[in-house]
Amino acid sequence: MTMQVSPNPVTESTTLLDNDDYLIGLLSEVILSKTANSLLELRQDAAARVRHSTLPNTRNEEWRFTDLSALRQVQFHLDRELQSVDISSLILPEAVNSRLVFVNGVYTPDLSAVEDLPSGLVVGNLAGFSESQQQNFQPYLAQAEGSQEVFTALNTAGISDAAVIWVEKNVIVETPIHLLFVNSAGEKATISQPRCLVVAQSGASVTVVEEFINHRGAEDAEGVYFTNAVTEVWLGENSQVNHTRVAREGAEAFHIGKTAVTQARDSRYTCHALTFGGRLSRHNLEVWQTGEQTETTLNGLTMISEKQVGDTHSAIALNHPHSTSKQLHKCIVGDRAHAVFNGKVFVPKPAQLTNAGQLNRNLLLSPKARVDTKPQLEITADNVKCAHGATVSQLEDDEIFYLQSRGINENDARKLLINAFAAEIINQIPLQSLQEILLNTVNSLKSATNH
């Protein structure tokens, strides 16, 4: 199959076209009249790109299985008012004093807690830093590969605040940092644009949990909103970042997220990306290697039902030798839901002695459930060890019968098998409390009882 590749293989190509009226309308909503001088040029450049771009459609190779026409039918509005929500059930015990909370994209200091953090760790919201401090972030903010993609540019054009995690050289952070983005949908359809910047300088280590959630719960069908999120992770030499990204959006929500990772020599990056619910969700996970001997581990789980669409596009550019990447992405698809996985690994000629593995496993719970999977390797190096694969299966009747023969009813047997399928990903998350929450989420979703 012919693949459309931009000059940078990690970046989706963006065609400059005549104005897209709908996209211009979104842009006018997210642009604010006032902004810090340090961000002004950045935002203006991004806005100019958005004005001469268009939303992707199914004629675009990277979007041919994900139709955005439903998104175009909704007029979204930016809600900048500070909302009051109860997050008591969302607080992670391991991160009681290391939490940033944004409600509808607005930083909420009363719900946040950044106390007793170790020296050398800076955690805060971008607008809360002085302009001189913001200057320190400029070499990183909106500088990752892929910044010109249309949804990423839309986010950049509307930057007014962001969650910032900055770890100084050789600082080992034992306490996980929890970034909580809560959507409180009202009568009007709203758009929020969460932004995260994580910088681990050379020799540093940090664990980050990034969570997007509808405060009414993932099964709530009320409230239409659009989350357009961008996270940039920068790893210095010999640094380590363990990143967990969880999206538990409302049943009528649209979620499009970008995670852009830049890895320097000898760095180690691990991502656990989990998606539950949402009318339409898409996660673009892009890793760009800038030095040799890096380690990259990507674990993913998508669980959807009804008529939901869950799309994961990943790209790993291994540009230097002696590197390792491992990827396992699982999809659990029920009812008439549609899952998409497209994982690309690029190994150019300089990247000798690379070891890359990629596997997509899919579990269909209904005869009308659908998955489109496309694992890809693009290799020009001749001394590498690379493999990829995909499987699609259903719950086996003999497995269900075996459990029934042990006194477990059919519905519980199905749930047990689904739980085991998901647990391979969830059990690798470094926070025990979050593991329990997500396993309960798997058990409670409607798709677990589909026949």
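Hi everyone, let me start with a side-chain pair: Gln 193 and Asn 228 are joined by a polar contact of 2.7 Å. By polar contact I mean a pair of N or O atoms within 3.5 Å, where within protein one must be able to donate a hydrogen and the other to accept it, and residues adjacent in sequence count only if both atoms are side-chain atoms. A word on the source: this is a predicted model, where local features need pLDDT of at least 70 and side-chain atom pairs count only at pLDDT 80 or more, while totals for chains, interfaces and linings use all residues. Residues are numbered from 1 along each chain as its sequence is written, and side-chain values use heavy atoms, with hydrogens and water left out.

Back to Gln 193. Where is Gln 193 found? In the loop between β8 (190–192) and β9 (195–200). Helices (H or I, at least four residues) and strands (E, at least two) are DSSP runs, numbered from the N terminus. Gln 193 counts as buried, at 12% relative accessibility; buried is under 20% relative accessible area, exposed over 50%, and partly exposed in between, with a 1.4 Å probe and protein chains only. A polar atom of the Gln 193 side chain also lies 3.3 Å from the backbone nitrogen of Asn 155. Leaving out residues up to four places away in sequence, Gln 193 touches Val 30, Leu 154, Asn 155, Gly 158 and Asn 228, contact being heavy atoms within 4.5 Å.

Val 30 takes us to helix α1 (residues 21–30), whose buried residues are Tyr 22, Leu 23, Leu 26, Leu 27 and Val 30. They sit on the same side of α1, because they cover an arc of only 140° around the axis, taken from the directions from the helix axis to the C-beta atoms. As a reminder, an α-helix has 3.6 residues a turn, so residues three or four places apart point the same way. The face turned away from the buried side of α1 carries the exposed residues Asp 21 and Ser 28. At the start of α1, a side-chain oxygen of Asp 20 comes to within 3.1 Å of the backbone nitrogen of Tyr 22.

Now the cavities. How many cavities of 30 Å³ or more does the structure hold? There are 10. On a 1 Å grid over the protein atoms alone, a cavity is a set of points where a 1.4 Å probe fits but cannot get out, and lining residues have an atom within 4 Å of a point. Grid points are joined across faces, edges and corners, and a volume is the space filled by probe spheres set on the points.

The largest cavity has a volume of about 160 Å³. Gln 193 returns here: of the 19 lining residues, Arg 80, Gly 105, Gly 158, Ser 160 and Gln 193 lie nearest the centre. The lining divides into nine nonpolar, seven polar and three charged residues. Here Ala, Val, Leu, Ile, Met, Phe, Trp, Tyr, Cys and Pro count as nonpolar, Asp, Glu, Lys and Arg as charged, and the others, Gly among them, as polar.

The second largest cavity holds about 90 Å³ of space. Its lining has 14 residues, with Glu 61, Phe 65, His 313, Val 340 and Asn 342 nearest the centre. By class, that lining has four nonpolar, three polar and seven charged residues. Strand β19 gives the largest share of it, three residues.

Key
On a 1 Å grid over the protein atoms alone, a cavity is a set of points where a 1.4 Å probe fits but cannot get out, and a pocket is an open set with protein on both sides within 12 Å along at least five of seven lines; lining residues have an atom within 4 Å of a point.
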